[in-house]
Amino acid sequence: MRITVLNGPNLNLLGSREPEVYGRTTLDQLETMVRAEADELGVSLTWYQTNHEGEFVEAVQALAAAADGALVNAGAFTHTSLAIRDAFLAVQVPFVEVHLSNLFAREPERRHSRLADLAIGVVTGFGPMGYRLGLRALAARLGGG
Ligand code: DQA
């Protein structure tokens, strides 16, 4: 089973960026944790991060050929990007949306996602563990669970 993790803008700064909101785990550490989980699940994992909306769109388009499913933290694009929504509508690849922080405990403009209704489900507020939970849930769904 092939799963791609897509990380959006500013997630490259994890560890130093607003640690009271996002914690102290760096993106590299997060990747290591998620890869360990993927190994346990027998999932072949591709990890990607970009700060650019067009590159994110291209990464979503590439899912059609490269992945059975995706774990997606689109960062701020979650709340703004019709282009990324359209890309998911076009490829029809199943995905789980994940956020480190609890979107519903934050500013009003973060409480709406342009992707969530297209997702299998959303994991929000569990920090790095959310990626592991999301990966497990996605793998279970793709495996027929
Ligand atoms: C985030 C939440 C977004 O609102 C924010 O723009 C991010 C990170 C999260 O993981 O909590 O960049 O997606």
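Entry 1, aromatic pairs. I count rings of Phe, Tyr and Trp (its six-membered ring) as a pair if their centres lie within 6.5 Å; planes under 30 degrees apart are stacked, over 60 edge-to-face, and the rest tilted. This is a predicted model, so I note that local features need pLDDT of at least 70 and side-chain atom pairs 80 or more, while totals for chains, interfaces and linings use all residues. Residues are numbered from 1 along each chain as its sequence is written, and side-chain values use heavy atoms, without hydrogens and water.

I searched the whole structure and found 3 aromatic pairs. In one of them, the ring centres of W47 and Y131 are 6.1 Å apart and the planes stand at 35°, so I log the pair as tilted. W47 sits in strand β2 (residues 44-49) and Y131 in helix α6 (residues 129-142), 84 residues apart. I take helices (H or I, at least four residues) and strands (E, at least two) as DSSP runs, numbered from the N terminus. W47 and Y131 are both buried. Buried means under 20% relative accessible area, exposed over 50%, and partly exposed in between (1.4 Å probe, protein chains only).

Entry 2, strand β4. I checked residues 95-99 and found 5 of 5 buried. F95, E97 and H99 lie on one side, V96 and V98 on the other. In a regular strand the side chains alternate between the two faces of the sheet. Strand β3 (residues 69-73) runs parallel to β4, joined by 3 bridges; strands pair if DSSP finds at least two bridges between them. Strand β5 (residues 121-124) is also parallel to β4, over 4 bridges. H99 has T124 as its bridge partner in β5.

The side chain of N73 has an N or O atom 2.8 Å from a ligand oxygen, and for H79 the distance is 2.7 Å. I use 3.5 Å between N or O atoms as the limit for a polar contact.

I require a side-chain nitrogen of Lys or Arg within 4 Å of a carboxyl oxygen of Asp or Glu. The whole structure has 8. One joins E37 and R132 at 3.1 Å, N to O. E37 is in helix α2 and R132 in helix α6, so this pair ties together parts 95 residues apart in sequence. E37 is buried at 7% relative accessible area, whereas R132 is partly exposed at 34%. I also noted a salt-bridge network linking E37, E40, R132 and R136.

Definitions and conventions. Polar contact = N/O pair within 3.5 Å; in protein donor to acceptor, adjacent residues only side chain to side chain.
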